[in-house]
Amino acid sequence: MVAVGVAVGVVVAVAVGVVVAVAVGVGVAVAVTTTYRAKGLGSGLAPFLVGGHMTTFHRRSTLGLAAPNPAKLAARTAEELHDSLGLTIHHTGFGGTLYKPDPIARLRGIQAYHMETLGYGDIAYELAFDADANVYELRDGKYVGAHAYGSKRGGNTPNVYTDGLVYLEDARGWTRGGSIALNWCMDLFGLARQGRHPHLFAHEWWSVTACPQSYLIDVVRFAGGSA
Ligand SMILES: [Zn+2]
């Protein structure tokens with residue numbers, strides 16, 4: 001009789017523990033999701049939990065970037081906004097003249113290169129992310145991006161149907177932080193596009209280019225994207 005009593009006590013304790021754990025998990029998820037939706041795109045989303053890990057969203061206003069030049073930017077049509085397909089992934093290369101250990105200083109350098117040397121109206125990409133799970137808000141998605149030209153997929157015109165996403169890579173290559181940030185960007189796209197899950201593309205899907213690196217092409221393929 002004593003042995004049976006102990007056994008029952010253990011079963012009850014385990015059952016209570018599971019119920020408490022589930023309740024806490026649901027509570028956190030609902031609170032985070034509600035905050036995220038209430039604040040909307042680009043309105044101070046950081047930090048946000050993905051799979052129990054934190055990512056940090058940096059608003060454009062905190063990056064010290066130059067103002068965009070509207071005279072060199074084209075607004076997306078309503079159809080182009082509605083039919084947006086997803087995200088095209090680029091890499092930056094590790095090293096070279098545009099590399100800076102500080103990712104924000106690096107983004108300023110990339111923007112200066114795009115605007116002053118290439119003649120774009122703004123930095124080419126809508127978002128950047130890095131190996132430490134940071135996400136950076138860049139070009140406003142209401143404008144056509146300058147990040148992928150469709151020479152392999154018809155014509156040599158800007159790809160108006162995807163947003164550009166650039167990985168600020170470093171010597172670590174692909175990291176857990178990069179994976180967390182990429183998933184966060186996909187969630188952000190889904191929320192901004194009426195819940196539509198984004199399709200991922202590698203830059204070389206659209207254009208004759210070596211961008212991005214082979215390990216990033218593997219990431220795109222692993223996610224069911226086009227490369
Ligand atoms: Zn690229």
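1. Glycine 224 comes after helix H6 and has a positive phi, near 80 degrees; helices (DSSP runs of H or I, at least four residues) and strands (runs of E, at least two) are numbered from the N terminus. The model is a predicted one, in which local features need pLDDT of at least 70 and side-chain atom pairs count only at pLDDT 80 or more, while totals for chains, interfaces and linings use all residues. Residues are numbered from 1 along each chain as its sequence is written.

2. Within H6, the residues Leu216, Val219 and Val220 are buried, a term that requires 20 or more other C-beta atoms, placed from the backbone, within 10 Å of the residue's own, whereas exposed requires 12 or fewer. Seen down the axis of H6, these buried residues fall within an arc of 100 degrees, so they line one face of the helix; the arc is taken from the directions that run from the helix axis to the C-beta atoms.

3. That buried side packs against strand E3 (86-91), strand E6 (162-168) and strand E7 (199-202), where contact means C-beta atoms within 7 Å. On the face of H6 turned away from its buried side are the exposed residues Ser214, Tyr215 and Phe222.

4. Cysteine 211 and proline 212 are joined by a cis peptide bond, with omega about -5 degrees, and proline 212 lies in the loop between helix H5 (203-206) and helix H6 (214-222). Most peptide bonds are trans, and most residues other than glycine have a negative phi.

5. Alanine 133, in the loop between strand E4 (127-130) and strand E5 (134-137), has a positive phi near 70 degrees although it is not glycine. Alanine 133 is buried, with 22 other C-beta atoms within 10 Å.

How values were computed:
Contact = placed C-beta atoms within 7 Å.
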